[in-house]
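Hi everyone, thanks for coming. Let me put today's structure up on the screen.

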Amino acid sequence: MQDPPKSDAAGGQAFEVPDWATTVERIRAGDAGAMAQLYGVFTRGIRYLLLRTLGVEEVDDRVHDCFVIVTEAIRAGELRDPARLMGYVRTVVRRHIAASIEDAVTRRRTTVEFEDTVFSVSDWKANPEQNLLARQRAEIARRVFKGVSRRDREILRRFYLLEEPQDKICSEMGLTYNQFRLLKSRAKARFGKLGQRLAEGGTLGTPAIRDKRPSEKKPEK
Amino acid sequence: MVHQTEEQLEFYALGRLTETQVAAVEEHLLVCSVCQDKLDEVEAYALAMREAISAEPKPEPQTDWLAWLRPDNFRLPSWSMAAVGGFAALALATGVYLNRGGTAPAAPLATLQLTAIRGEMPAVVPARETDITLSDAPAGVGLHAEVVDSTGVMVWSGPFHSDARKMLLIRQLPEGSYFIRLYDSGGRLLHEYGFAVRSSR
């Protein structure tokens with residue numbers, strides 16, 4: 001199967017990144033400006049990855065810990081390939097995440113009752129606003145799913161729930177790759193529209209969804 | 001470096017990239033706020049869709065078993081029938097060879113029983129579906145489970161049936177260590193369980 005065409009606006013477009021090898025050399029030479037540049041560029045990225053996996057608790061401390069590990073490694077000349085600085089940063093972040101999870105699981109297993117003081121890697125998910133948002137999204141997705149044809153529901157089910165490869169789905173369901181992508185794209189667009197409607201008007205407009213249910217159609221050859 | 005496509009980000013959100021691909025995406029996410037925002041948007045949709053579909057009843061199998069004979073369902077050119085037959089024979093021979101001493105194929109279904117307070121990590125063989133019993137799970141309505149790998153990446157989420165204390169993990173996991181997180185309907189973490197996926201050989 002051919003590589004999928006890049007239809008989204010930013011996907012596949014070139015992206016300017018600093019010359020990390022030069023940045024590493026400047027840091028090793030004691031250039032404070034280079035340290036500040038590095039801090040400004042990737043602390044947001046480190047924070048983003050840590051929030052996704054460990055939650056908001058102590059995230060600033062964790063970002064700082066990762067940054068210190070990276071800069072100390074740079075100063076000590078431990079980077080074998082300065083141009084691959086981001087690869088090293090990612091490795092540091094991943095090790096930090098793995099260690100935090102292992103520590104949390106070990107601590108949970110040694111306590112009989114769960115208390116507020118026990119560290120939770122997913123405290124941010126207990127946020128009531130996040131929970132409401134998740135429930136709303138699930139409801140919107142359910143309506144999108146119900147609003148497509150039975151055949152399209154099967155395709156979406158095989159991709160999102162059964163996690164079948166897209167080439168298998170296409171070959172067994174008689175789709176071209178573009179038809180498959182179009183189906184997903186339409187479902188996602190519908191999801192976005194319903195979400196926007198909810199955000200603006202506070203309702204999902206159930207009768208409108210039912211009226212627009214598409215009929216069964218054969219795929220184009 | 002290039003921006004990530006929406007498709008790559010969706011696969012990342014669903015945990016369906018190889019380790020090499022994950023590394024490339026995450027290295028880009030470290031420095032690109034555009035793709036961070038895009039990932040949040042794509043992930044919200046993909047996970048919501050998976051959640052919604054998992055809650056739907058499984059569709060009834062199609063009763064019209066002769067449907068595959070209809071011309072509009074049969075799109076293979078004539079020469080491919082010989083290729084299909086040859087491939088089937090090759091697949092059979094490969095399966096016999098592999099089972100004689102090569103890597104065992106994944107089982108269709110495996111079972112696993114876990115408790116939260118225990119030191120060891122029970123292991124299960126790779127399987128397309130794993131029926132997991134959480135022996136000491138609390139009762140409750142609307143319980144939800146997530147499975148994360150050893151690096152914290154979520155690889156599966158779905159409903160937990162508290163009456164039977166069971167969940168059905170519909171995903172073949174690679175070998176490694178995993179953790180199951182059990183949440184109540186309000187999103188509060190209740191229990192966490194560890195297990196490993198290992199081949200029997």
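Predicted model: local features only at pLDDT ≥ 70, side-chain atom pairs only at ≥ 80, totals over all residues.

Residues are numbered from 1 along each chain as its sequence is written, while chains are lettered from A and ligands numbered from 1 in the order in which they are written.

Chain A has nine helices and zero strands; helices (H or I, at least four residues) and strands (E, at least two) are DSSP runs, numbered from the N terminus. Of its 221 residues, 25% are buried, meaning 20 or more other C-beta atoms, placed from the backbone, lie within 10 Å of a residue's own.

Now the pair. In chain A, the axes of H1 (residues 20-28) and H3 (residues 59-75) come within 8 Å and cross at roughly 80°; axes are lines fitted to C-alpha atoms over the stretch in contact, with angles from 0 to 180 degrees between N-to-C directions. That makes H1(A) roughly perpendicular to H3(A), a label for 65 to 115 degrees. Val24(A), Ile27(A) and Arg28(A) of H1(A) meet Thr71(A), Ile74(A) and Arg75(A) of H3(A), where contact means C-beta atoms, placed from the backbone, within 7 Å.

And the chain partner? 50 residues of chain B are in contact with 53 residues of chain A. H3(B) gives the most to chain B's side, with 14 residues.

Terms used: Parallel < 35°, antiparallel > 145°, perpendicular 65-115°, else oblique. Contact = placed C-beta atoms within 7 Å. Buried ≥ 20, exposed ≤ 12 C-beta atoms within 10 Å, placed from the backbone.
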